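Hi everyone, thanks for making time.

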Amino acid sequence: MACKRGALIVLEGVDKAGKTTQCKRLVDALLAGGRPAEIMRFPDRTTTIGKMISAYLERKSDLEDHAVHLLFSANRWELVPLMKEKLEQGITLVVDRYAFSGVAFTSAKPGFCLDWCMKPDVGLPKPDLVMFLQLSPADAALRGQFGDERYETKVFQKAVQQKFEHLMMDRSVNWQVIDASQNIEDVHNNITTHSLNAINVAQNRPLGELWK
Ligand code: Z5A
């Protein structure tokens, strides 16, 4: 019998919502339960494209806004063959940010619309589940100061949050909003419950194409 495919699970959210913490916890829990799982993150700063993005985020280089948007998308597309291979092998991928961050961050800049921002990512592997870690700016501030990277300002993060809210109205994507203000363990339990459901459903369904 062919191996059942893994699920594509994405964690999104504003700065300091706990995405990285929860991706790691989820992968550890899935592995401990005997379910193959791996973590991925976007941007993947290790590739040639990812290094250009990283320099931009660290303010070591400047890139035109449309150009950097396309680079973020290209950074996802370059990893699609690997993602599909792993999913087909039955490995669940837990992804720290994906195309939704791409659209939310660029469309929060002046002069960009959601529609243009979504276009380059149309047809990417469609996540079986996207969990949005909801955290108020006041709670985020309790977790430390913003860093020095681009986009790490209160005003911009607020605009990004509004764009995410718009994206979450799209019923073609399986969005779940997670209260990220709870303690790490409670957030983890909530995320694990949704993920186990998604893994069960995904194994009997073909992988979809995003926004198609
Ligand atoms: N970007 C883009 O423009 N276009 C794109 O296409 C993509 C991304 C994919 C990448 O940042 C930047 O690129 C990002 C979007 C943009 N810019 N911003 N802002 P990154 O991925 O390198 O870093 P990040 O995603 O911004 O990380 P983060 O938001 O700062 O962190 P997080 O992953 O959400 O949180 P964390 O590291 O797990 O936790 C933060 C702290 O809170 C840490 O001290 C934890 O111990 C603590 N924490 C976590 N959970 C809790 C709970 N529940 N209670 C208390 N404390 C907690």
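This is a predicted model: local features need pLDDT of at least 70, side-chain atom pairs count only at pLDDT 80 or more; totals for chains, interfaces and linings use all residues.

Ala 141 sits in helix α7, which covers residues 137–142. Is Ala 141 buried or exposed, or something in between? Well, it has 13 other C-beta atoms within 10 Å. To count as buried a residue needs 20 or more, and exposed means 12 or fewer, so Ala 141 comes out as partly exposed. Now look across to Thr 92: that residue is 49 residues away from Ala 141 along the chain, and their C-alpha atoms are separated by 32 Å.

Okay, let's zoom out. The protein chain has nine helices and five strands. Reading from the N terminus, the order is β-α-β-α-α-α-β-α-α-β-α-α-β-α. The radius of gyration is 17 Å, close to the 17 Å that the globule rule gives for 212 residues, so the chain is as compact as a globular protein of that length.

Next, the contacts. Take those between residues at least 6 apart in sequence: 80% of them join residues at least 24 apart.

What about annotation? The UniProt record, an unreviewed entry, places a feature called "domain: Thymidylate kinase-like" at residues 11–191. That span is 49% helix and 13% strand, and its end C-alpha atoms lie 9 Å apart.

Now the inside. Of the 212 residues, 38% count as buried. The largest nonpolar core has 46 residues, and those with the most contacts inside it are Ile 9, Val 94, Val 95, Phe 100, Ala 104, Met 131 and Leu 133. As background, nonpolar side chains tend to be buried together in soluble globular proteins. Let's pick Val 94 from that list. Which residues does Val 94 touch, leaving aside those up to four places away in sequence? They are Ile 9, Cys 23, Leu 26, Val 27, Ala 37 and Ile 39.

Some of those names come back in helix α1. In α1, the buried residues include Cys 23, Leu 26 and Val 27, along with Lys 19, Gln 22 and Leu 30. They cover an arc of only 135 degrees around the axis, which puts them on the same side of α1. And what covers them? The list includes β1 (8–13), β2 (37–41), β3 (92–96), β4 (129–134) and α9 (184–202).

Just after α1, Gly 34 takes a positive phi of about 80 degrees.

Arg 97 has a positive phi of about 70 degrees although it is not a glycine. You'll find Arg 97 in the loop between β3 and α5 (99–107), and it is buried, with 22 other C-beta atoms within 10 Å. Tyr 151 isn't a glycine either, and its phi is positive at about 80 degrees. Tyr 151 lies in the loop between α7 and α8 (154–167), and with 16 C-beta neighbours inside 10 Å it counts as partly exposed.

Last stop: Phe 42 and Pro 43 are joined by a cis peptide bond, with omega about 0 degrees. Pro 43 is in the loop between β2 and α2 (48–57).

Conventions:
Residues are numbered from 1 along each chain as its sequence is written. UniProt positions are given in the numbering used here, feature names are shortened, and annotations may be inferred rather than shown by experiment. Helices (H or I, at least four residues) and strands (E, at least two) are DSSP runs, numbered from the N terminus. The arc is that of the directions from the helix axis to the C-beta atoms. Two residues are in contact if their C-beta atoms, placed from the backbone, lie within 7 Å. The radius of gyration is taken over C-alpha atoms; the globule rule is 2.2 Å times the number of residues to the power 0.38. A nonpolar core is a set of buried Ala, Val, Leu, Ile, Met, Phe, Trp, Tyr and Cys residues joined through C-beta atoms within 7 Å.
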